[in-house]
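Visitor: I would like to walk through some helix packing with you, one step at a time. Could we begin once the model is in view?

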Amino acid sequence: MKIIFTGGGTGGHIYPIVAIVREIKKKYGTDIQLSYIGPKDNFCNVVLARERVKVRHILSGKIRRYMDPLSIIQNVIDTLVKVPLGVLQSFFLLFLMNPDVVFSKGGYGSFPVAFSAWMLGIPVLLQESDSVPGLVSKKTSKYAAAIFVSFPDTENFPPRKVALVGNPVRREMVDGSKQEAVQALGIIGDRPIILIIGGSQGARRINDKILDAMPELLKSYEVIHITGPRNINQIMKESKITVGSEALGYYHPLGFADERALANIYAAADLIISRAGSGSVFEIAAVKKPSILIPLPESAQDHQVKNAYAYARAGAALVMEENNFTSHLFLEKIRELLGSAETLTAMSEAAAQFARPNAALTIADYIVKFANK
């Protein structure tokens with residue numbers, strides 16, 4: 001059996017594929033040939049190599065929404081050169097590999113592969129993580145045999161093809177150890193622990209606001225702050241200026257946390273502050289933690305805002321949009337939440353209800369079923 005995965009190349013596209021790959025191997029063994037075709041991306045190469053998934057590269061291109069001269073030129077090159085060449089590359093790769101099914105995680109990098117699979121008569125399965133699908137997912141949905149969605153009421157898909165299964169989360173993320181996090185980070189542990197995930201997109205703006213609030217925050221709480229790799233040095237310098245030396249023991253900035261470290265930090269946290277990408281939302285739900293979501297205002301089709309409010313309607317999170325995100329209001333919301341054990345318990349229970357811990361296994365079963373047809 002041969003299964004091809006494709007996607008856009010960011011963590012939001014790759015980690016769900018990793019979760020599904022692990023479930024396929026665990027349930028169906030390692031004889032199934034698993035490959036990935038997508039645009040060149042070092043992050044993707046490293047992550048999928050660990051899972052022993054063979055990666056092949058193609059050209060691809062995307063439509064930029066900015067109308068400056070450079071973006072217009074790049075759009076023309078991508079549309080007229082890179083995408084057609086990517087389709088040709090994908091067509092011949094798929095023809096030679098002859099897979100039983102293609103699984104698309106969406107994103108611009110998936111279009112040449114999914115479109116070529118359709119031309120060759122290879123079944124295409126689509127998974128959409130966000131509550132609002134992107135342009136490529138909308139196109140792919142027209143010829144996909146089935147569409148797996150993460151949020152109820154996901155827009156723009158034919159209902160007869162849709163299955164609500166949730167966003168695949170790696171099982172290892174819910175198996176963290178608070179004690180390992182305490183030992184690794186030197187957590188003091190006599191105060192509630194807040195985890196702040198700046199992530200990669202727009203992290204600087206969140207980090208700046210967090211630093212403004214940090215002196216007050218550290219009077220009552222212990223903070224683990226994942227800043228993003230590019231921001232860690234600056235955050236370290238600024239925190240030493242804004243935070244007193246005694247309080248620094250309660251502040252734990254990190255540039256990046258690998259899978260095991262992040263699982264341990266999730267286990268240690270009492271409250272999580274995060275952007276609202278689907279991957280983050282479903283991981284927070286899976287670990288059953290209360291959260292405050294700060295959606296990225298520039299996200300395509302406003303999908304982070306819609307993700308955040310869809311999750312908040314379940315009662316599992318509060319939403320703070322960036323235009324309301326002031327240090328004063330941020331501190332007020334945190335004090336309200338961490339001062340009410342009943343509210344925290346209710347949010348944790350709502351998160352558990354929202355989570356779909358078997359999403360990866362459900363999709364893995366679908367994929368193998370289609371491949372066996």
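Guide: Helices here are DSSP runs of H or I with at least four residues, numbered from the N terminus. Please keep in mind that this is a predicted model.

Visitor: In which helix does Phe-354 lie, and is Phe-354 buried or exposed?
Guide: Phe-354 lies in helix α13. Buried means under 20% relative accessible area. Because the relative accessibility of Phe-354 is 13%, this residue counts as buried.

Visitor: How are α10 and α13 oriented relative to each other?
Guide: The axes of helix α10 (residues 278-286) and helix α13 (residues 341-354) come within 7 Å and cross at roughly 115 degrees. Angles of 65 to 115 degrees count as roughly perpendicular, so α10 is described, relative to α13, as roughly perpendicular.

Visitor: Which residues make the contact of α10 with α13, and into which classes do they divide?
Guide: From α10 come Val-281, Phe-282 and Ala-285, while α13 supplies Ala-351, Ala-352 and Phe-354. By class, the residues of this contact include no charged and no polar ones, and the nonpolar ones number six.

Visitor: Which residues does Phe-354 contact, leaving aside its neighbours within four places in sequence?
Guide: Val-281, Phe-282 and Ala-285 of α10 take part in the contact with α13, and they are among the partners of Phe-354.

Key. Residues are numbered from 1 along each chain as its sequence is written. This is a predicted model: local features need pLDDT of at least 70, side-chain atom pairs count only at pLDDT 80 or more; totals for chains, interfaces and linings use all residues. Side-chain values use heavy atoms; hydrogens and water are left out. Axes are lines fitted to C-alpha atoms, for helices over the stretch in contact, and angles run from 0 to 180 degrees between N-to-C directions. Helices (H or I, at least four residues) and strands (E, at least two) are DSSP runs, numbered from the N terminus. Angles under 35 degrees count as roughly parallel, over 145 as roughly antiparallel, 65 to 115 as roughly perpendicular and the rest as oblique. Contact means heavy atoms within 4.5 Å. Ala, Val, Leu, Ile, Met, Phe, Trp, Tyr, Cys and Pro count as nonpolar, Asp, Glu, Lys and Arg as charged, and the others, Gly among them, as polar. Buried means under 20% relative accessible area, exposed over 50%, partly exposed in between (1.4 Å probe, protein chains only).
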